Amino acid sequence: MSLKRDVIIIGAGASGLMCAREAGRRKRSVLLIDHAGKTASKVRVSGGGRCNFTNLHASPANYISQNPDFCKSALSRFAPEDFIGLLDRYGIPYYDKENGQLFCTNTSRDVVEMLHAECKKAGVEIRLQQTVESVVKKDLFTIMTARDVLESQSLVIATGGLSYAGLGATDLGYRIARQFGLKITPLNPGLVPFTFPPEDAAFFRELSGVSLDASIRYGKSRFRGEILFTHSGMSGPGILQTSLYWKSGDAITVDILPDLDALKLFMEESKSRMEMHTLLARYLPKRFSKMFSDRYFNSRPLYQYNQKELEDIAHRLHQWSLRPAGTVGYTQAEVTVGGIDTRELSSKTFESKKVPGLYFVGEVLDVTGQLGGFNLHWAWASGCAAGRYA
Ligand SMILES: Cc1cc2nc3c(=O)[nH]c(=O)nc-3n(C[C@H](O)[C@H](O)[C@H](O)COP(=O)(O)OP(=O)(O)OC[C@H]3O[C@@H](n4cnc5c(N)ncnc54)[C@H](O)[C@@H]3O)c2cc1C
């Protein structure tokens, strides 16, 4: 016996829950299935367990896609205030950490429980531990799971990206897209630390644990924030943001004294007997200053450097060029860059142009947000948009 519903949603994560709520509120019969034993694993761990659930300044400029206009419609119909309104109704406390990044004051469980309560109110049925074996479309969609045969008029794919397989990520959404002839843009790990070739990696390993405020430039992008040296390379918000845009083989430029004119400082101290690394340690972590000075300019008293050498050192400090070997990959990436080509979908309904009744929402799409609550905001906005039509 098959189970028939108006709408079946595969993936009970951020976008799937939001889509289910919205479709349920339209009195559609909705079944939300997931292969995991619990819902929304990524939301639960997100933002270090406090879930940076939106950003007050979310706008299309915060998203990367081969089709940058696609996100505009959904974002214009679901604002940060819409999600905040939901939290307020449940009395869930939150705070603005910085730059409009909203986090839960307690834990992300508040958000997950709120979404569950909303789904329940809307009559949504949730079935977990459902392994999808096949999807076929005739008049209806037939979804075979290891336990049930499910049928629906509309099928929404909300299976998320590829990162953190331990939290339930799989490639099912991309496989279903391919099966139905939809295009997928190249996939890459994003918001992910960089690794470096052996000659730099050894240097970074020695610096492991050191962090400093820097400005990172790559192409047209420029991000200011903390960079953190790790055993495998470089991390921290500025690096994670840069990884969204970075193309393999390219160099990045790091200004490690973004608020200072290093040459001006050297000129003022050019007669000093102070060692270069001691001077730099006024502005940079001590261990970093020593290792950086020894590696690049053989640290010695300032008066022993000539003008050209001081210019070169200042240039190195403001434009430290580094060529990552790669990234640490999907095991530590917060998101997948790329995804289902949005030119295949209606930006109003998120329905496939080729396959009526088939919808895609959330991170599985070629829409990737910057760091700062933009990815969860996209999950809510896209889930909500599709839920109004599925
Ligand atoms: C460690 C970490 C921290 C993060 N922190 C933040 C943050 O603070 N703010 C922010 O905006 N973003 C954050 N993100 C990104 C954000 O969590 C995701 O972009 C967002 O959850 C995507 O929503 P989604 O609904 O598309 O996918 P998900 O929320 O990933 O949901 C996908 C669901 O599909 C299910 N699924 C997958 N494959 C199958 C299958 N084969 N069969 C059935 N079900 C399947 C999964 O079990 C999961 O429940 C973070 C990500 C990570 C990994």
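Q: Which ligand atom does a backbone N or O atom of Gly 373 lie 3.5 Å from?

A: An oxygen atom: the backbone N or O atom of Gly 373 sits 3.5 Å from an oxygen of the ligand. Bear in mind that this is a predicted model.

Q: Which polar side-chain atom lies 2.7 Å from an oxygen atom of the ligand, and which residue has a polar backbone atom 3.3 Å from one?

A: For the side chain, look at Glu 363, where a polar atom lies 2.7 Å from a ligand oxygen. For the backbone, go to Asn 375, with a polar atom 3.3 Å from an oxygen of the ligand.

Q: Which residues come nearest to the ligand?

A: There are 29 residues around the ligand, and the nearest are Ser 15, Asp 34, Thr 170, Glu 363 and Leu 376.

Q: Now for helices. How do I read the way H1 and H13 cross?

A: Start with the angle between the two axes: under 35 degrees counts as roughly parallel. Helix H1 covers residues 14-25 and helix H13 covers residues 374-387; their axes come within 7 Å and cross at roughly 30 degrees. So H1 runs roughly parallel to H13. The crossing of this pair is right-handed.

Q: Which residues of H1 and H13 meet?

A: On the H1 side you'll find Ala 14, Ser 15, Met 18, Cys 19, Glu 22 and Ala 23. Their partners in H13 include Leu 376, Trp 380 and Cys 384. Sorted by class, the residues of this contact are nine nonpolar, four polar and one charged. Two of these residues also turned up at the ligand: Ser 15 and Leu 376 are among those that come nearest to it.

Q: What angle do H3 and H13 make?

A: Roughly 85 degrees, with the axes of H3 (residues 70-77) and H13 coming within 9 Å. The two helices are therefore roughly perpendicular to each other. Here Phe 70, Cys 71, Ala 74, Leu 75 and Arg 77 of H3 meet His 377, Trp 378, Ala 381 and Ala 385 of H13. That contact has seven nonpolar residues, one polar and one charged.

Q: And are H7 and H11 roughly parallel or roughly antiparallel?

A: Look at the angle again: over 145 degrees counts as roughly antiparallel. The axes of H7 (residues 198-206) and H11 (residues 286-297) cross at roughly 150 degrees and come within 10 Å, so H7 is roughly antiparallel to H11. Their crossing is right-handed.

Q: How many charged residues are in the contact of H7 with H11?

A: Five, along with three nonpolar and no polar ones. In H7, the residues are Glu 199, Asp 200, Phe 203 and Glu 206, and they meet Arg 287, Met 291, Phe 292 and Arg 295 in H11.

Notes
Residues numbered from 1 in each chain as written. Predicted model: local features only at pLDDT ≥ 70, side-chain atom pairs only at ≥ 80, totals over all residues. Heavy atoms only, no water. Axes fitted to C-alpha atoms, helices over the stretch in contact; angles between N-to-C directions. Helix = DSSP H or I, 4+ residues; strand = E, 2+ residues; numbered from the N terminus. Parallel < 35°, antiparallel > 145°, perpendicular 65-115°, else oblique. Left-handed = near helix turned anticlockwise from the far one by under 90°. Contact = heavy atoms within 4.5 Å. Nonpolar A, V, L, I, M, F, W, Y, C, P; charged D, E, K, R; others polar. Near = heavy atom within 4 Å. Polar contact = N/O pair within 3.5 Å; in protein donor to acceptor, adjacent residues only side chain to side chain.
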